[in-house]
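Morning, everyone. Please have the structure open on your screens.

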Amino acid sequence: MKFHNIITVFAGGALLFSVAGCASNKPDSHRKLIWNDEFNGKGLPDATKWNYDVGGHGFGNEESQFYTKDRLENARMEKGNLIIEARKEKWEESKYTSARLLTKGKFSFQYGTVEVRAKLPKGRGTWPAIWMMSEKMRTWPNDGELDIMEHVGYNQGYIHASAHTKDYNHKINTQITDTVFVKDASEKFHVYKADWTPERIDIYVDNQKFFTYVNKEKTYDAWPFDQPYFIILNLAVGGFWGGKEGIDDTVFPQKYYIDYVRVYQNK
């Protein structure tokens, strides 16, 4: 199906675009599918493909949820989608539950294209993400983090992509980042994609590129992205960024839908 775009650059350098229809998924002879999950089953996510991070209040980035494991209420396959659901409920020391799935120890790759078709939750305090980290992560951010999609609910529709390294990260306000506005990110599915080569990383929404990080300095401190990385899907509640303007308890439960995750090796 063809799609038509309207692109506008506005203050802050972010892009605004609307999409009519959806991008075509025609076979591409220049790339080979090497890993995927179409989430066509029922019940818990495929344990041969996904592990869980488990943790409570303050986990990760000062977040408020408890990440559970093997709990259908928080992560399940249903009607061809993975659903990660954040719920307002007491769980150990936390007031909310959710899930964080990752392919660490199951699948990692070096260079290629990753595509995730997803529909995002909404509401103040929600913080869904699609991101990647080094399989041999020793110290953050020295070994790198790539954020393909982040969305904070108090800033509805603004999609963020970032690269974090020792030299460039948010702790020292040097992170390489950019933003695109997708007005129906929580109403419709969109494809979030990263193209990763030894020279650069480009990130797209529905084939519209809005972020680029180039390997200019050729140092590990600026470019640790020459090693295998794994994929992470999660829905946080609150946190130093997602909870910056508080948490609206009236919006829960909130569901994060992932139609598929596909990784390609490019020729």
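Which helices and strands each supply at least two residues of the lining of the largest pocket? They are α1 (59-62), β11 (126-134), β12 (145-150), β13 (158-164), β14 (176-182) and β18. Helices (H or I, at least four residues) and strands (E, at least two) are DSSP runs, numbered from the N terminus.

Some ground rules. This is a predicted model, where local features need pLDDT of at least 70 and side-chain atom pairs need 80 or more, while totals for chains, interfaces and linings use all residues. Residues are numbered from 1 along each chain as its sequence is written, and side-chain values use heavy atoms, without hydrogens or water.

Back to the pocket. A pocket is an open set of points on a 1 Å grid over the protein atoms alone, where a 1.4 Å probe fits, with protein on both sides within 12 Å along at least five of seven lines; lining residues have an atom within 4 Å of a point. The lining has 25 residues, and among those closest to the centre are Trp 127, Glu 145 and His 170. β11 gives the most, four residues.

Now Thr 126. It sits in strand β11. Is Thr 126 buried or exposed? Buried, because its relative accessibility is 0%; the cut-off for buried is under 20% relative accessible area, with over 50% for exposed and partly exposed in between (1.4 Å probe, protein chains only). Its side chain reaches the backbone oxygen of Gly 123 at 2.7 Å. Thr 126 also touches His 151, Leu 235 and Phe 252, among others; contact means heavy atoms within 4.5 Å.

Notes: Polar contact = N/O pair within 3.5 Å; in protein donor to acceptor, adjacent residues only side chain to side chain. Lists of a residue's contacts leave out its neighbours within four places in sequence.
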